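Here is a short briefing for a reader who is new to this structure. The points below are grouped by topic.

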Amino acid sequence: MAADGHPTLAVMSHCRAAPALIDPPRGAAALWGAAALAWLAGIGLQLQQSDLWPLAHYAVLAAVALGLLGGAAAGRTPRRVRAACWLLALAALGFAGTGARALQRLADVLPAALEGQDLQLRGVIEHMPQPAPQGTRFVLRVEAAQLSTPAGLQSVRVPQRVALGWYAGFDGDALLGAAPPPLRAGQRWTLSARLRQPHGTLNPQGFDLELWLFEQRIGASGTVRTGPTSVNRLLAENTGQAVERARQTVRDAILLRVADPAAAGVLAALAVGDQAAIARDGWGLFRGTGGAHLMSISGLHVTLFAWA
């Protein structure tokens, strides 16, 4: 209580003596925002690199950044200097981490020596397969791979995720056989396949297939082979992927019950986010009318409000 005994003056005197008890540090929010911007700036700067550095260079940069963080935290430097060191270190860590991840992802690509070779793959179908002309396309998470050689099967390293097509008809000079069996997410298969490295056209303003494969962590694409020497067989019906299996169940029911294929594709895109169900002509119509973003970005939001 104040010397004059007035309780209000006593409270005011206490608040002036300990402002931290009633007001949070005004610079905390600004510091966290600056830290996030510094991290993003480091990532953005690395994305401008035309060529990646060796992994050792990124490791050295990360070590220097960590040392700078430790030195700023332990030293008795002014607050502004410590803040500048932290921001610089966070930018350097964002730069180094992004470069190292890019190197790791680029390393998970099919070796050139295995292109066009007859491989035996064992893996799990990750996402719901997509219907394709005369077949089905899907992504396989590879668990093991073997190369057929005159001496027998030899274990080889292939990317963790590969995009495969299982088609009926002809592929080059090889007869692929009948239509593929029904495929579902979560199934484990042993498949005979031929793979190739990621490759796409470089047409200006066209779809960048190689970039898309890089973003999806797909290190190879190829086709399933059928014939007397193939080993295509289902090993397990359900190994997980419950969400993808549920999405596929809804998608397949829509495509089966809606007579108009164009309308069925739109409904599947809105209901389960399966944009691949929309045919190319449909996308051309949406682009021409300015509604493509409703399917590519806002489709599930439209469905949510429709349910509401």
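A salt bridge is a side-chain nitrogen of Lys or Arg within 4 Å of a carboxyl oxygen of Asp or Glu. By that definition, Arg 122, Glu 143 and Arg 188 are linked in a network of salt bridges. The model is predicted, and the protein chain has a mean pLDDT of 84, with 86% of its residues at 70 or more.

**Overall make-up**
- The protein chain contains 10 helices and 10 strands.
- Of its 308 residues, 31% count as buried.
- Among contacts with a separation of 6 or more, 69% are between residues 24 or more positions apart.

**Confidence**
- Helix H1 (residues 7-17) has the lowest mean pLDDT among the elements, 41, while E1 has the highest, 97.
- Over residues 6-25 the pLDDT stays under 50, and the model has 7 contacts beyond four places in sequence for them.
- Where pLDDT is low, the predicted coordinates should not be read in detail.

**Salt bridges**
- The structure holds 10 salt bridges.
- Relative accessibility is 35% for Arg 122, 34% for Glu 143 and 23% for Arg 188.
- Elsewhere, Arg 247 and Glu 244 form a salt bridge at 3.0 Å, N to O; they are 3 residues apart in helix H6 (residues 242-257), so about one helical turn separates them.
- Arg 247 is partly exposed at 22%, whereas Glu 244 counts as buried at 12%.

**Nonpolar cores**
- The largest nonpolar core has 22 residues, of which Leu 121, Phe 138, Leu 140, Val 158 and Leu 164 touch the most other members.
- Strands E1, E3, E5, E8 and E9 each give two or more residues to this core, and E3 supplies the largest share, 5 residues.
- Beyond its neighbours within four places in sequence, Leu 164 contacts residues including Leu 121, Phe 138, Leu 191 and Val 224.
- A second, separate core of 7 residues includes Ala 269, Ile 278, Trp 283 and Met 295.

**Surface patch**
- Leu 37, Trp 39 and Leu 40 form a nonpolar surface patch with about 330 Å² of accessible area together.
- Leu 40, in helix H2 (residues 28-46), is exposed, with a relative accessible area of 52%.

Note on methods: Residues numbered from 1 in each chain as written. Predicted model: local features only at pLDDT ≥ 70, side-chain atom pairs only at ≥ 80, totals over all residues. Heavy atoms only, no water. Patch = residues over 30% accessible without salt bridge, like charges linked within 9 Å, V, L, I, M, F, W, Y side chains within 5 Å. Areas by Shrake-Rupley, 256 points an atom, 1.4 Å probe, with all protein chains shown as cover. Helix = DSSP H or I, 4+ residues; strand = E, 2+ residues; numbered from the N terminus. Buried < 20%, exposed > 50% of the residue type's maximum accessible area, 1.4 Å probe, protein only. Core = buried A, V, L, I, M, F, W, Y, C linked by side-chain atoms within 4.5 Å. Contact = heavy atoms within 4.5 Å. pLDDT = per-residue confidence, 0-100.
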